[in-house]
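Let's take a walk through this structure together, one part after another. Have the sequence and the 3D view ready as you read.

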Amino acid sequence: MNVTPELFLNFLIAGIMIGALYALMAMGITFIYSIMKMINWAMGEFYMIGSYAQWFLVSFFFGSAFWFLGVLATAVILFLVGLVVQWLLIRPMFSTGMERKDEYGTVVTIALALFLRNLATVLSGPNTRSPDIDLGRIMIGGLPVSGNRFAAFLGALIIIGLFYYLLNYTWLGRAFRAGSQNRVGIQTVGINVLRIDQIAFAIGVTLAGLAGALLAPVFNVFPENGAVTTMKGFEIIIIGGMGSLPGAALGGLLLGIVESLGSVFIDTGLRNVYGFIFLIIVLLIKPTGLFGEKERLS
Amino acid sequence: MQNKTFSRSLNFVLIGAASVGILAGPLFLNDYWQHIMIVSMYYIILAASWNLLAGYTGQFSLAHQTFAALGGYASGLMIYHLKVSIGVGFIAAVLVTAGTGFLLGLLVLKMRGIYLAVATWAFSESMRLSIAALYKFTRGEQGLAVPSLFDSLAPIRYYYLFFALMVGLLLLMYLVLRSPIGSFIRAIRDDELAAKAMGVDTVKWKLFIMTFASTIAGIAGFFYAHYIVILSPVILSFNEIGKVVIMVVFGGLGNFAGPLIGAPAIVIISELTRDFGSWNMVFYSLIVIVIMRLYREGLAEFFRNWIQKLFGKKPAQNNPLQE
């Protein structure tokens with residue numbers, strides 16, 4: 001293939017745009033990790049629920065012109081689902097003085113992932129759906145870009161901005177940051193740490209669900225659509241450093257770029273594999289990830 | 001002490017009865033149920049070797065099904081492209097899975113707990129997507145035809161083959177757990193830093209156990225591939241490792257008897273409820289969630305307590321093979 005600067009730029013932009021969505025996913029995973037020190041393996045399934053919710057709401061309620069209302073409603077739905085799931089499954093980890101929390105958290109969320117994924121298959125069939133949203137094409141610096149992708153990119157930027165504001169300029173955000181540093185400490189200043197966990201979990205899965213809702217018209221809606229995005233989310237948090245939000249944001253952009261350029265310069269079919277190769281390279285250079293700090297052994 | 005002896009003799013009786021039952025199985029099982037038993041035995045090997053990683057060493061790997069598939073694909077691709085014999089295919093399967101297991105072990109060596117699970121999962125998904133994407137070489141979703149081991153596809157020979165394989169590999173794993181290595185890896189699981197301070201070569205044993213368990217999965221995968229005679233990327237999917245995790249948790253994580261009970265239970269229930277399609281997995285995952293919430297010791301422990309109550313003994317406190 002003849003590689004011109006325009007082509008390169010085009011794929012760079014495409015990479016950055018999809019990278020912002022990956023970053024959203026990764027921030028959700030890493031945010032939950034930073035507060036509760038657990039990985040939510042069902043993250044991709046919340047992405048899936050988000051995409052189904054968006055498809056359902058746009059198809060039957062808001063219509064394609066008001067797709068952004070669908071995104072807002074999806075956020076509310078996912079937040080409520082997150083609150084309930086956390087209360088049922090994750091809260092006992094901390095409220096019952098459980099031993100080997102890691103093991104419980106991993107097994108229970110893997111089971112939850114299988115449950116939600118197969119439930120979706122049973123309820124909706126394996127068919128691929130897509131919300132009827134077409135925002136045409138827009139030109140950025142003379143290069144055509146799919147409107148749906150651009151809208152998803154803008155949405156992701158806005159959500160990341162709001163999330164940043166929440167974390168850094170509100171009382172709740174301060175409580176989250178304190179909780180991620182010292183769970184006992186925030187209890188001594190009178191913060192209900194179990195409530196903080198619950199809200200953090202709900203926010204984390206809402207971020208995944210929003211990624212799903214925004215990407216629904218781009219990547220389609222089917223029961224296993226969360227798997228690939230989750231894999232990328234996990235790769236990103238290893239690349240960026242576990243528990244680091246800036247790491248998740250930068251890692252997401254880098255992964256998007258690596259994938260996009262890899263698929264144009266090497267092979268499109270292997271698009272989803274470049275992330276892992278990139279991960280190995282990063283780990284060889286910096287074993288803790290880009291922003292990761294060396295973990296202190298107890 | 002008495003409890004320990006009782007528990008051990010109980011184990012021998014149970015194992016003896018189960019072996020006789022399985023050996024005599026084909027007398028009263030038709031081909032279909034023999035097939036179900038073969039699948040159960042395959043999953044027992046897979047689940048027991050995963051238990052070695054997750055239950056005993058604390059290496060919560062989510063790439064175990066990948067090694068089973070790699071064993072099958074290594075042999076299948078050698079035979080498909082180079083027209084070698086099945087024996088050469090077996091050697092290829094062992095070498096490839098041991099080598100990959102060692103390399104993955106190196107990659108995740110410094111990672112602890114959850115970090116490791118995430119990395120192995122990314123590895124596993126990448127392998128699945130690669131095999132699907134490189135369809136010119138692997139035949140991808142179309143499926144790779146693999147020759148069968150015997151000239152007839154009747155399951156009876158495979159039945160005894162898998163039984164011998166299962167007994168051999170379980171014995172091997174049992175011996176490893178009984179040896180000092182068993183203590184080393186449990187020490188690593190409980191507190192890696194303390195184990196290191198006590199002089200356990202943590203790097204060496206973590207790499208060893210990863211390579212060892214991966215190779216066992218690869219060998220099981222090799223035989224299974226040559227039994228089902230077709231391979232596709234589906235066997236690398238998350239559902240597969242999910243099933244293995246469910247089997248082990250169902251039976252009891254970190255309990256040697258756990259996978260032996262959990263794997264056949266899940267396979268048989270899944271066959272009996274086959275008509276319900278995807279509801280199958282919905283039910284299992286619900287069962288696992290309930291077990292995890294309410295009875296975390298698993299079925300093996302439940303039965304042990306139950307049988308011992310039946311004989312009026314207190315449950316054993318210090319069984320060497322469970323913690």
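This is a predicted model: local features need pLDDT of at least 70, side-chain atom pairs count only at pLDDT 80 or more; totals for chains, interfaces and linings use all residues.

In the contact region, 35 residues of chain B are in contact with 35 residues of chain A. On the chain B side, helix 5 (114–133), helix 11 (238–251) and helix 13 (279–294) each supply at least two residues. Helix 5 of chain B gives the most to this side, with 13 residues. Sorted by class, the side of chain B that touches chain A has 25 nonpolar, seven polar and three charged residues.

Now turn to chain A as a whole. Chain A has 11 helices and two strands, and along the sequence they follow the pattern α-α-α-α-β-β-α-α-α-α-α-α-α. The C-alpha atoms of chain A fill a box of roughly 60 × 50 × 35 Å along the principal axes. How does the radius of gyration of chain A agree with that of a compact globule? For 298 residues such a globule would have a value near 19 Å, and chain A has 19 Å, so the two agree. Of the 298 residues of chain A, 51% count as buried. Contacts also reach across the sequence: among those in chain A between residues at least 6 apart, 76% join residues at least 24 apart.

What lies inside? In soluble globular proteins, nonpolar side chains tend to be buried together. Here the largest nonpolar core has 197 residues, and Leu21(A) and Leu24(A) have the most contacts inside it. Helix 1 of chain A brings the largest share of this core, 18 residues. Take Leu24(A) as a guide: beyond its neighbours within four places in sequence, Leu24(A) is in contact with Ala156(A), Ile159(A), Ile160(A), Leu207(A), Leu210(A) and Ala211(A).

Some of those partners lead us to helix 5 of chain A, residues 147–169. This helix has 23 residues and reaches 32 Å from its first C-alpha to its last, close to the 33 Å expected. Its buried residues are Asn148(A), Arg149(A), Ala152(A), Phe153(A), Gly155(A), Ala156(A), Ile159(A) and Phe163(A). An α-helix has 3.6 residues a turn, so residues three or four places apart point the same way. The cover over the buried residues of helix 5 of chain A includes helix 1 (5–36), helix 3 (67–95), strand 2 (143–146) and helix 8 (193–219) of chain A.

Helix 3 of chain A also holds Leu83(A). Is Leu83(A) buried or partly exposed? Leu83(A) is partly exposed, because 15 other C-beta atoms lie within 10 Å, while a buried residue needs 20 or more. Leaving aside neighbours within four places in sequence, Leu83(A) is in contact with Gln198(A) and Ala202(A). Between the C-alpha atoms of Leu83(A) and Ile29(A), 54 residues apart along the chain, the separation is 16 Å.

To finish, look at two backbone details in chain B. Most residues other than glycine have a negative phi. Lys83(B), however, has a positive phi, near 55°. Lys83(B) sits in the loop between helix 3 (64–82) and helix 4 (86–107) of chain B, and is exposed, with 8 other C-beta atoms within 10 Å. Val229(B) likewise has a positive phi, near 55°. The loop that holds Val229(B) lies between helix 10 (202–228) and strand 2 (230–231) of chain B. With 15 C-beta neighbours inside 10 Å, Val229(B) counts as partly exposed.

Methods: Residues are numbered from 1 along each chain as its sequence is written. Chains are lettered from A and ligands numbered from 1 in the order in which they are written. Two residues are in contact if their C-beta atoms, placed from the backbone, lie within 7 Å. Helices (H or I, at least four residues) and strands (E, at least two) are DSSP runs, numbered from the N terminus. Ala, Val, Leu, Ile, Met, Phe, Trp, Tyr, Cys and Pro count as nonpolar, Asp, Glu, Lys and Arg as charged, and the others, Gly among them, as polar. The expected span of a helix is 1.5 Å times one less than its number of residues. A residue is buried if 20 or more other C-beta atoms lie within 10 Å of its own, exposed if 12 or fewer, and partly exposed in between; C-beta atoms are placed from the backbone. A nonpolar core is a set of buried Ala, Val, Leu, Ile, Met, Phe, Trp, Tyr and Cys residues joined through C-beta atoms within 7 Å. The radius of gyration is taken over C-alpha atoms; the globule rule is 2.2 Å times the number of residues to the power 0.38.
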